[in-house]
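Please look through the sequence and the model below. Then read the short report that follows.

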Amino acid sequence: MKEERRRRRLPDEVRNAAVRAWLFFSFTVVALIVASLASIARSSLLTPALLVTALGVFGTAWGLIDIVISRQIAAQRLRGPNSASPLAGSRPPRQRRAARSALTPVEGRPRR
């Protein structure tokens, strides 16, 4: 049988950043196609299409950086405030076995 795994849901700000990055990328691809077609047709739309493509590349890079920053902020929220350690806010460490008692096992008297 297949095990059903549930993927953790991304925080809202990370999903919003990912959607913005995909929109920038898709508009950049459309502008690149328009620039290619304008170049083939020797149209006057070539210069504006290339400018829009350049802005789209900048916007796509900004969107990718936005995703990285949003993920870092979300991870920091999960860890807890003012925590420099990546494990802060996680489960506490397991307790080790209780230290040996002060009594010796054979005699039942305290050690000296």
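Leu46 lies in helix H2. Helices here are DSSP runs of H or I with at least four residues, strands are runs of E with at least two, and both are numbered from the N terminus. At 28% relative accessibility, Leu46 is partly exposed.

Which residues does Leu46 touch, leaving aside its neighbours within four places in sequence? They are Ala35, Ala38 and Ser39. Contact means heavy atoms within 4.5 Å. Leu46 and Ala35 are 11 residues apart in sequence, and their C-alpha atoms are 5.3 Å apart in space.

## Where the model comes from

This is a predicted model: local features need pLDDT of at least 70, side-chain atom pairs count only at pLDDT 80 or more, and totals for chains, interfaces and linings use all residues. Residues are numbered from 1 along each chain as its sequence is written, and side-chain values use heavy atoms, with hydrogens and water left out.

## Two helices, side by side

The protein has 2 helices and 0 strands. Helix H1 covers residues 12-41 and helix H2 covers residues 46-79. They pack at an angle of about 165°, with their axes 8 Å apart. Axes are lines fitted to C-alpha atoms, for helices over the stretch in contact, and angles run from 0 to 180 degrees between N-to-C directions.

H1 and H2 are therefore roughly antiparallel to each other. The classes are these: under 35 degrees is roughly parallel, over 145 roughly antiparallel, 65 to 115 roughly perpendicular, and the rest oblique. What kinds of residue form the contact of H1 with H2? There are 20 nonpolar, 8 polar and 5 charged. Ala, Val, Leu, Ile, Met, Phe, Trp, Tyr, Cys and Pro count as nonpolar, Asp, Glu, Lys and Arg as charged, and the others, Gly among them, as polar.

## Pairs across the helices

Start with Leu32, in helix H1. Leu32 is partly exposed, with a relative accessible area of 46%. Leu32 and Ala49 are 17 residues apart along the chain, and 7.1 Å separates their C-alpha atoms.

Now turn to helix H2, the place of Leu51. Leu51 counts as exposed, at 54% relative accessibility. From Leu51 to Ala35 is 16 residues in sequence and 9.3 Å in space, C-alpha to C-alpha. Ile73 is also found in helix H2. Its relative accessible area is 38%, so Ile73 is partly exposed. Ile73 and Val14 are 59 residues apart along the chain, yet their C-alpha atoms are separated by 9.2 Å.

## The loop residue Arg42

Where is Arg42 found? Arg42 sits in the loop between H1 and H2. Arg42 has a positive phi of about 55°, although it is not a glycine. Is Arg42 buried or exposed? Arg42 is exposed, with a relative accessible area of 78%.

## The whole protein

Of the 112 residues in the protein, 18% are buried. The protein exposes about 10600 Å², and carbon and sulfur atoms supply 61% of that area. Accessible areas come from the Shrake-Rupley method with a 1.4 Å probe; for residues, only the protein chains shown count as cover.

Take the contacts between residues at least 6 apart in sequence: 54% of them join residues at least 24 apart.

Terms used:
Buried means under 20% relative accessible area, exposed over 50%, partly exposed in between (1.4 Å probe, protein chains only).
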